Amino acid sequence: MTSSFFPPHRTLMGPGPSDVSPRVLGALSRPTIGHLDPLFVKLMDEIKVLLQFAFKTGNELTLPVSAPGSAGMEACFVNLVSPGDKVIVCQNGVFGGRMKENVERSGGVAVMVEDEWGRPVSVEKATAAFDQHPDAAILAFVHAETSTGVRSDAAALCNLARERGALSIVDTVTSLGGIDVDVDGWGADAVYSGTQKCLSCVPGIAPVTFSAQSVERIQKRTHKVQSWFLDMQLVMGYWGGSSKRAYHHTAPVNALYALHEALVILQEEGLEASFRRHRRNHEALVAGLEAMGLAMAVAPEDRLPQLNSVLIPAGVDDAVVRGALLNDFNLEIGAGLGALAGKTWRIGLMGHSSNEQNVVACLNALEAVLGREGADITSGKALLAAKAVYAD
Ligand SMILES: *Cc1c(COP(=O)(O)O)cnc(C)c1O
């Protein structure tokens, strides 16, 4: 007989999922009701309004796709890209590479603008790409590159797309709730996110929002969207404004209770207060890591507060340290990805995980494990450096 599964209580300080608040876990366990129940339809309406608040948008077409962040990405590409469309894709990490795949699988032509991993997307290079390809219909980029911990200038990039008569597709999976995501202020057109990063909800849902211009582009399509499930014209019949909802798929009812609760928590705290909390815990963590003698991988002005890339000190075995943190301290941090595999650790301070207790626990555990592994670090200084930031 297979017995029930009881996971341990880990502290999640990797690139997602982040720690889920007990309030969100509580919401998840409430009684399941029908996905066309009038009370559930009311909940859906509230989720739409809460997502508009989180994205800072008045976009009518704002909803949670019933699948993870990658499906949010795919929803934006398959609906906006038709065969033959040219899309400028900015890549400065793992997720830009997935955007290229999405363009090509939608029959489009990807024009790549490549930047070094660990550096933001260059607005100059993107501008030059439009000069060379004035017929490009879309500009796509990642606001917060989780593979490196770098923030790019979304306002400038969306503005560039507008100036060139193109639409923008923006990945805000890691940014939403942690740093400013200003969809209407940026003039962004198709924006997707995830639930398990700074919203600290369970994984498996992808908030998306589409501007009026992008909805117009979708309505003018002459080629059917290649994905039935992600075709927004069909999804709109279920999530649309009118009270008569047509069955499209069975919504993940309980997961949406959880998303609703996570967004209520965000609203209670306030967006600006959440951004300040993420910044402060980031500053304390960095102060502690640097006092230990570790170096950050990203320049201070480009860093994401919710995803901290640290260079692995020479002679230290990446996997041994992460394994010890997990097994001896119940603490998960992330490995480097792609070009940074084996070179960096990624320490997440996302959503509910972004708190002083986690910063302290992480610095203590890392200092203990690195000391045991014989790494050349300074002991006894990290905690005081972090505490000094909080006392400030
Ligand atoms: C995590 C992440 C994704 C993918 O989200 P999943 O929920 O894992 O599918 C996409 N883009 C970025 C920037 C991410 O951090």
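This is a predicted model: local features need pLDDT of at least 70, side-chain atom pairs count only at pLDDT 80 or more; totals for chains, interfaces and linings use all residues.

Reader: Which polar side-chain atoms lie 2.3 Å and 2.7 Å from an oxygen atom of the ligand?

Author: A polar contact is a pair of N or O atoms within 3.5 Å. At 2.3 Å from a ligand oxygen there is a polar side-chain atom of Thr-146. For Gln-196, a polar side-chain atom lies 2.7 Å from an oxygen atom of the ligand. Gly-69 takes part through its backbone, with an N or O atom 2.8 Å from a ligand oxygen. The ligand exposes 380 Å² when taken alone, and the protein buries 89% of that.

Reader: Now the helices. What describes two packed helices?

Author: The angle between their axes and the distance between those axes. Take helix α11, residues 271-291, and helix α13, residues 356-372: their axes come within 10 Å and cross at roughly 15°. Angles under 35 degrees count as roughly parallel, so α11 and α13 are roughly parallel to each other. The crossing in which α11 passes α13 is right-handed.

Reader: At what angle do the axes of α12 and α13 cross?

Author: Helix α12 spans residues 318-329, and its axis and that of α13 cross at roughly 125°, coming within 10 Å. That angle makes α12 oblique to α13. Here too the crossing is described by its hand: α12 passes α13 in a right-handed crossing.

Technical notes
Residues are numbered from 1 along each chain as its sequence is written. Side-chain values use heavy atoms; hydrogens and water are left out. A polar contact is a pair of N or O atoms within 3.5 Å; within protein, one must be able to donate a hydrogen and the other to accept it, and residues adjacent in sequence count only if both atoms are side-chain atoms. Accessible areas come from the Shrake-Rupley method with a 1.4 Å probe; for residues, only the protein chains shown count as cover. Axes are lines fitted to C-alpha atoms, for helices over the stretch in contact, and angles run from 0 to 180 degrees between N-to-C directions. Helices (H or I, at least four residues) and strands (E, at least two) are DSSP runs, numbered from the N terminus. Angles under 35 degrees count as roughly parallel, over 145 as roughly antiparallel, 65 to 115 as roughly perpendicular and the rest as oblique. A crossing is left-handed if the near helix is turned anticlockwise from the far one by less than a right angle, and right-handed if clockwise.
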